[in-house]
Amino acid sequence: MRLLALFAALVLALTGCSGADPARPGVLSVGLREPATLLPADLADQAGRLVTGALWTPLADYDATSGKVTPRAAASIESGDRVHWTVKLRPGTFHDGTPVTAQSYVDTWRAIAAEQWVSSPVLTKLLRAREIKATAPDTIALTLDRPSGQVPALLSAPGLVPLPASVLASRDWDGFAKAPVGNGPYRLDGGWKPGSGGTLKRVGAGKAEEVELRVGEPAAQYDAVKAGTLDLATEVPGDRHEAVQGDFADRHASWALPEAGYLAFPVTDPRFADPTVRHGFALGVDRAALEAGPLAHQVDPAKALLPPSDAPGERTGTCRPCSFDAAAGKALLKQAAFPGGATVYFGPGAESWTRTLVVGLHKALDVSVTAQAVPKTGPLDGPSTLDVKLATASPYELLSLLASQSGYTDEVFRQNLSMADAAATPEEAGELYRLAENQLLRDLPAAPLWSGHGHAVWGPRVHDVTATPFTGPVLAGIGVS
């Protein structure tokens, strides 16, 4: 037995099981999935945003509910006419020691627009600036093609953070993603190790001296936090959701993610041109079954058109199309003389929950419904599921996307959306966005299905855990004893 114990200890030492290491003062250990990339402008996954949220400081933080702008790397973002905008920068430095200047942003944004990354539409379709230039080392001047009050929300997008001159010159994006250099409170020490993780060292206003990022599966990380060998797990697997309260009491939190699912209808197709048909299909969706089934408790059934991470102002209205009422759905299809039969199309990553959706629609509405991958070319002759990952906190992005995906071209809706974009105050914009949202709920070119949420658990030595939609847990704000 003694020999066996010695052998086990030797194996443990050789495998380098860091998860069993004793906690070190000032060092926070964090479990996460493998990020898709660490290039800020080209990521949309929770793990990538968690890491880049510590490596970079955005121009500002924007709260979609209140419209409040909190300057960060920017000292101010101001305009007198909502066409000409001026961004004043605070003094800043990249982790390689070079200064962060207005030209850093201008050159980065040009690269983002040219490379067609995930964040490219923020510049080309939402901001739509006629000119962006550095008028001083600490000043960015933007001239838009129309008045817009959404500029602070758009410039707060996590994908628009600056890149150092070295990578802008080399354009070695893949190499940079393995050893990113940001302007945030932590730097990545030794590069990123796929399948393993990396170490963040504090260089700015962070509470923990060091953050150990450990890549792994959520179930194992959850259990490691319970066992005391990991401080923070940034995802809770579906089969652990019911146990969270008992396992962690007040040491867990959830937050709204900038993700949502929809069923978009081809409104120009004669079979789906009648809103009555679209409402019938919406009422035939069992959203709770999607949440508990293929979406594994990682989402909330939709209660509004806009997800909580993107919704301005108080949200007290009801969403009738968000209800599951099979009898009412069947009655609406009968009322509209729907001929029956429909194909629901799905894109990458949405096949599993789309097939469950289709089975539920067939059962609830008693019509033939099948699922099929979106073809590479040609218009769609049936609804399609949308798995939307937002790049900004501006409702303009999502509302215009839903209209575009469904072919919805109502002039009143377009005017409300344009006026919301041009509004002078967050309050005025919020009212106009609600008008646009209510019109979409009435005409229903796209039915809301679910909105994503994040969930984290942590050990007893961790404190001050807060989370935002785009970063998840704010690593720089987390203390560890």
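Student: What should I know about the model and its numbering?

Tutor: This is a predicted model, in which local features need pLDDT of at least 70 and side-chain atom pairs count only at pLDDT 80 or more, while totals for chains, interfaces and linings use all residues. Residues are numbered from 1 along each chain as its sequence is written, and side-chain values use heavy atoms, with hydrogens and water left out.

Student: Why is Arg461 called buried?

Tutor: Buried means under 20% relative accessible area, exposed over 50%, and partly exposed in between (1.4 Å probe, protein chains only). Arg461 has a relative accessible area of 16%, so it is buried.

Student: Where is Arg461 placed, and what is it in contact with?

Tutor: Arg461 is in the loop between β17 (446–458) and β18 (462–463). Strands (E, at least two residues) and helices (H or I, at least four) are DSSP runs, numbered from the N terminus. Contact means heavy atoms within 4.5 Å. Leaving aside neighbours within four places in sequence, Arg461 is in contact with Ala23, Arg24, Val27, Asp231, Gly479, Val480 and Ser481.

Student: What makes the pair of Arg461 and Asp231 a polar contact?

Tutor: A polar contact is a pair of N or O atoms within 3.5 Å; within protein, one must be able to donate a hydrogen and the other to accept it, and residues adjacent in sequence count only if both atoms are side-chain atoms. The side chains of Arg461 and Asp231 make such a contact at 2.8 Å. A polar atom of the Arg461 side chain also lies 2.5 Å from the backbone oxygen of Val27.

Student: What makes Lys207 and Asp464 a salt bridge?

Tutor: A salt bridge is a side-chain nitrogen of Lys or Arg within 4 Å of a carboxyl oxygen of Asp or Glu. For Lys207 and Asp464, the closest N and O atoms are 2.8 Å apart, and the pair forms a salt bridge. Lys207 lies in the loop between β9 (197–202) and β10 (210–215) and Asp464 in the loop between β18 and β19 (467–468), so the pair ties together parts that are 257 residues apart in sequence.

Student: Why are Lys207 and Asp464 called partly exposed?

Tutor: Lys207 has a relative accessible area of 44%, so it is partly exposed. Asp464 counts as partly exposed because its relative accessibility is 41%.

Student: How many salt bridges does the rule give?

Tutor: The count comes to 23. One of them joins Arg128 and Asp145, with the closest N and O atoms 3.1 Å apart. Another is between Asp325 and Arg320, at 3.3 Å from N to O. Arg24, Glu210, Glu212 and Arg214 are linked in a network of salt bridges.

Student: Why is the pair of Tyr408 and Phe413 called edge-to-face?

Tutor: Rings of Phe, Tyr and Trp (its six-membered ring) pair if their centres lie within 6.5 Å; planes under 30 degrees apart count as stacked, over 60 as edge-to-face and the rest as tilted. The count by this rule is eleven aromatic pairs. The centres of the Tyr408 and Phe413 rings are 5.5 Å apart and their planes are at 65°, so this pair is edge-to-face. Tyr408 and Phe413 are both buried.

Student: How do you know that the length of helix α3 agrees with its number of residues?

Tutor: The expected span is 1.5 Å times one less than the number of residues. For the 14 residues of α3 (residues 102–115) that gives 20 Å, and the end C-alpha atoms are 20 Å apart, so the two agree. Just after α3, Gln116 takes a positive phi of about 60°.

Student: Why is helix α10 described as largely enclosed?

Tutor: Eight of the nine residues of α10 (residues 275–283) are buried, so the helix is largely enclosed by the rest of the structure. Its buried residues include His279 and Phe281. They pack against several elements, among them α11 (287–292) and α12 (326–335).

Student: What makes a group of residues a nonpolar core?

Tutor: A nonpolar core is a set of buried Ala, Val, Leu, Ile, Met, Phe, Trp, Tyr and Cys residues joined through side-chain atoms within 4.5 Å. The largest one here has 127 residues, of which Trp109, Phe281 and Leu475 touch the most other members. Apart from it lies another core of nine residues, including Tyr222 and Ala233.
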